[in-house]
Amino acid sequence: MAELTFWTGTMDAGKSTLALQTNHNHAARGRVGLIFTAHDRSGEAAVTSRLGLTHDAIEVTDDFDFWRHAVDALTHGARIDYLICDEAQFYTPEQIEALAKITDELQIDVFCFGILTDFRTRLFPGAARLVELADRTEVLQVEALCWCGKRATHNARVEDGVMVTEGDQVVVGDTDRESGTAPSAVSYEVLCRQHHRRRLTAARAQSVSLVPEPLPFG
Ligand SMILES: Nc1ncnc2c1ncn2[C@@H]1O[C@H](COP(=O)(O)OP(=O)(O)O)[C@@H](O)[C@H]1O
Ligand SMILES: Cc1cn([C@H]2C[C@H](O)[C@@H](COP(=O)(O)O)O2)c(=O)[nH]c1=O
């Protein structure tokens, strides 16, 4: 029986790496797959891992029809054993439903990878639908860490050095602060829940700790 699996974790947890490893392992055994992504950080239609691996992919736009794509390919004699779907949080709920239909009706394994929640700690619609429909939702074993050393569970958005909690749900960006070039560049930082709640990013924690203690007399 084919399965729909959702692999999730914070940003920088290793999801794209696992997506490429999954593809590699299946392809190495002669299975044939298709690779999809949406809004990859690279700006290309590609799955890119921070470990340096990269693979061309089919870009999933909001009007992309997974069912039509798969049926057309099969009708033209192509073989499809599995789908790799990166950045799946950006897919629409209808596209996730199509992936479930492909799993059940075409017996094609579907491996989805994506973050669960946005910078406001709210579920992405595509991720929510995946949790509702997937045969299995797995959390990546490799732990991304908050600056305090605890497991990072939340994604923070940083604009001009300040953590923000309002804005568009989708703003493509990286966790590497150096990658932002414009002064208003958006970056992301993974935090534990407590520090996300307190809006205490690494930079802010450091600046707070550098404030001299008040002298013990008035
Ligand atoms: N220089 C490095 N050496 C070892 N591991 C690295 C290095 N850079 C990144 N990584 C690993 O890559 C992970 C990020 O992988 P990636 O697939 O890009 O994440 P995601 O898709 O979840 O955002 C990091 O959590 C870390 O484990
Ligand atoms: C939290 C959050 C993230 N994004 C974007 C930022 C990145 O482009 C991707 C996540 O990529 P990764 O491979 O998991 O690092 O999502 C966003 O648009 N909105 C958000 O709230």
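Residues are numbered from 1 along each chain as its sequence is written, while chains are lettered from A and ligands numbered from 1 in the order in which they are written. Because the model is predicted, local features require pLDDT of at least 70 and side-chain atom pairs count only at pLDDT 80 or more, whereas totals for chains, interfaces and linings use all residues.

Helices (H or I, at least four residues) and strands (E, at least two) are DSSP runs numbered from the N terminus. Helix H2 (residues 66-75) packs against helix H3 (residues 93-106) at an angle of about 35°, and their axes are 8 Å apart; axes are lines fitted to C-alpha atoms, for helices over the stretch in contact, and angles run from 0 to 180 degrees between N-to-C directions. On the H2 side, Phe66, Trp67 and Ala70 meet Gln95, Ala98, Leu99, Lys101, Ile102 and Leu106 of H3, contact being defined by C-beta atoms, placed from the backbone, within 7 Å. The contact of H2 with H3 comprises seven nonpolar, one polar and one charged residues. In this classification Ala, Val, Leu, Ile, Met, Phe, Trp, Tyr, Cys and Pro count as nonpolar, Asp, Glu, Lys and Arg as charged, and the others, Gly among them, as polar.

Glu87 lies in the loop between strand E6 (82-85) and H3. Glu87 is buried because 26 other C-beta atoms lie within 10 Å (buried, 20 or more; exposed, 12 or fewer; partly exposed, in between; C-beta atoms placed from the backbone). Not counting residues up to four places away in sequence, Glu87 touches Thr37, Ala38, His39, Asp40 and Gly114.

The UniProt annotation "binding site", also from an unreviewed entry, covers Val170, Val171, Val172, Gly173 and Tyr188. These residues are spread over 19 residues of sequence but cluster in space, with a largest C-alpha distance of 12.1 Å. Val171 lies in the loop between strand E10 (162-164) and strand E11 (186-191), and is partly exposed, with 15 other C-beta atoms within 10 Å. Beyond neighbours within four places in sequence, Val171 contacts Arg157 and Val186.

Note on methods. Contact = placed C-beta atoms within 7 Å. UniProt positions renumbered as here; feature names shortened; annotations may be inferred.
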